[in-house]
Amino acid sequence: MVFLGEAIEAFLQYADGIKNLSPHSLKAYRNDLSFFLSSFPEKEKKILFEIDLVDLRSCVGLLSKQKKTATTINRFICTIRSFFLYLYRMNILPNNIALDLKTVKIPKKLPRYMSDSEVDALRKQPEKKELLWTERDRAIFECLYSSGARVSELSNLNLRDLAANLSSAIVTGKGSKDRKVFFSQDAVDALKVYLLQRAEIIQKNEVKGEALFINQRGGRLTARGIFYVVNRYSSVEGTNKPVSPHAFRHTFATTMLKNGANIRVVQELLGHENISTTQKYTHITKEQLIQTYNASHPHGGKNEL
């Protein structure tokens, strides 16, 4: 006789020791399976063989009643699928009852992007407000906007990754894949000013700084740190139009497509493995075309996407 709690602990040990999951993924597994276990009366004595597909669907329904997001529910479903696949492959259960457990549909959301005036206003905030480190923050904004790089990619950049003339860099994206991104002249000019101050900070703190973007102590500015920087300048202290660093990436993609760039080129610049990921930005430009038509044409106003 195998109890559910025992099986869960065995699976988590397997996920940690054999599958070598990241601490973040392991924590998510544990949280999902703890919820699963807690959904049964007398959970400590719940026999594994008594669980069926109805029980699994009931747990999904309970999450829905708790108004959990579709993303959270689907993560739970994926955890349950992995758990019961493990039980089946280890011959603990004769069949995989989670095979017919379907994920829920996630509503499509258009990426948040900034208008030309919004992005220009945000780019000017570091010099206008001087909230943190003006020269560094201006360089961050210019690099984010002109390259379309992910915030993690920018955070992980080292000096050696930059081209000699600062007009491009090699970033490491998802799946440890390297690609080349490009910096505008505004970004190059901002980097030149920032790098002079960066050298002074490195010398002052007597550290071996490899990171391109650093904090005042000479340590690498993390992705979370860049989020903080963008938040400060886009909050009530700055433009009062809160955005995340990803908004620069979305704005980069939208601007490129709106101005006629080939979608395959934009896919390469963004580091998307599938072009379907890049195509979501075409919906934005189509929406803009319809809005412009409705506002400008004498017979407009009734067209929809």
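Which residue forms a salt bridge with Glu118, and how far apart are the closest N and O atoms? I put this question to a predicted model, in which local features need pLDDT of at least 70 and side-chain atom pairs count only at pLDDT 80 or more, while totals for chains, interfaces and linings use all residues. I number residues from 1 along each chain as its sequence is written, and I note that side-chain values use heavy atoms, with hydrogens and water left out.

**Entry 1. Salt bridges**

I found the partner of Glu118 to be Lys241, with 3.6 Å between the closest N and O atoms. I took a salt bridge to be a side-chain nitrogen of Lys or Arg within 4 Å of a carboxyl oxygen of Asp or Glu. Because Glu118 belongs to helix α5 and Lys241 to the loop between α9 and α10, this pair ties together parts that are 123 residues apart in sequence. Lys241 is partly exposed, at 46% relative accessibility. My terms for accessibility are buried for under 20% relative accessible area, exposed for over 50%, and partly exposed in between, with a 1.4 Å probe and protein chains only.

I then searched the whole structure and recorded twelve salt bridges. One of them joins the side chains of Glu127 and Arg138, at 3.6 Å from N to O. Glu127 lies in helix α5 and Arg138 in helix α6, so the two tie together parts that are eleven residues apart in sequence. I noted Glu127 as exposed, with a relative accessible area of 52%, and Arg138 as partly exposed, with 21%.

The side chains of Arg150 and Glu153 also meet in a salt bridge, at 2.5 Å from N to O. Both Arg150 and Glu153 are buried. I also traced one network, in which salt bridges that share partners join Asp120, Arg123, Glu142 and Asp186.

**Entry 2. Glu142**

I looked up Glu142 as a member of that network. Its place is in helix α6, which covers residues 134–147. Is Glu142 buried or exposed? I recorded Glu142 as buried, because its relative accessibility is 5%. Setting aside neighbours within four places in sequence, I listed Arg123, Asp186, Ala187 and Ala190 as its contacts, a contact being heavy atoms within 4.5 Å.

**Entry 3. Nonpolar cores**

How many residues does the largest nonpolar core have? I noted 38 residues, with Phe183, Leu191, Phe213 and Phe248 having the most contacts inside this core. A nonpolar core here is a set of buried Ala, Val, Leu, Ile, Met, Phe, Trp, Tyr and Cys residues joined through side-chain atoms within 4.5 Å. Elements that each supply at least two of its residues include α5 (116–129), β1 (168–172) and α10 (246–258). Helix α8 gives the most to this core, with seven residues.

For Leu191, I found contacts with Ala139, Cys143, Leu166, Phe183, Leu212 and Phe213, leaving aside its neighbours within four places in sequence. Apart from this core lies another, of 32 residues, with Leu4, Phe11, Phe36 and Leu37 among them.

**Entry 4. Helices α1 and α4**

I looked up how α1 (residues 4–17) meets α4, and found that their axes come within 10 Å and cross at roughly 95°. The axes are lines fitted to C-alpha atoms, for helices over the stretch in contact, and the angles run from 0 to 180 degrees between N-to-C directions. This makes α1 roughly perpendicular to α4, a term for angles of 65 to 115 degrees.

On the α1 side I listed Leu4, Ala7, Ile8, Ala10, Phe11 and Tyr14, which meet Ser82, Phe83, Tyr86 and Leu87 in α4. The residues of this contact divide into nine nonpolar, one polar and no charged.

**Entry 5. Loop residues**

I checked Leu93 in the loop between α4 and α5. At 9% relative accessibility, Leu93 counts as buried. Not counting residues up to four places away in sequence, Leu93 touches Leu48, Phe49, Phe84, Leu87 and Tyr88.

I noted a positive phi of about 60° for Lys67, although this residue is not a glycine. Lys67 sits in the loop between α3 (53–65) and α4 (70–89) and is exposed, at 74% relative accessibility. Asn240, likewise not a glycine, has a positive phi of about 65°. I placed Asn240 in the loop between α9 and α10 and recorded it as partly exposed, with a relative accessible area of 48%.

Key. Helix = DSSP H or I, 4+ residues; strand = E, 2+ residues; numbered from the N terminus. Parallel < 35°, antiparallel > 145°, perpendicular 65-115°, else oblique. Nonpolar A, V, L, I, M, F, W, Y, C, P; charged D, E, K, R; others polar.
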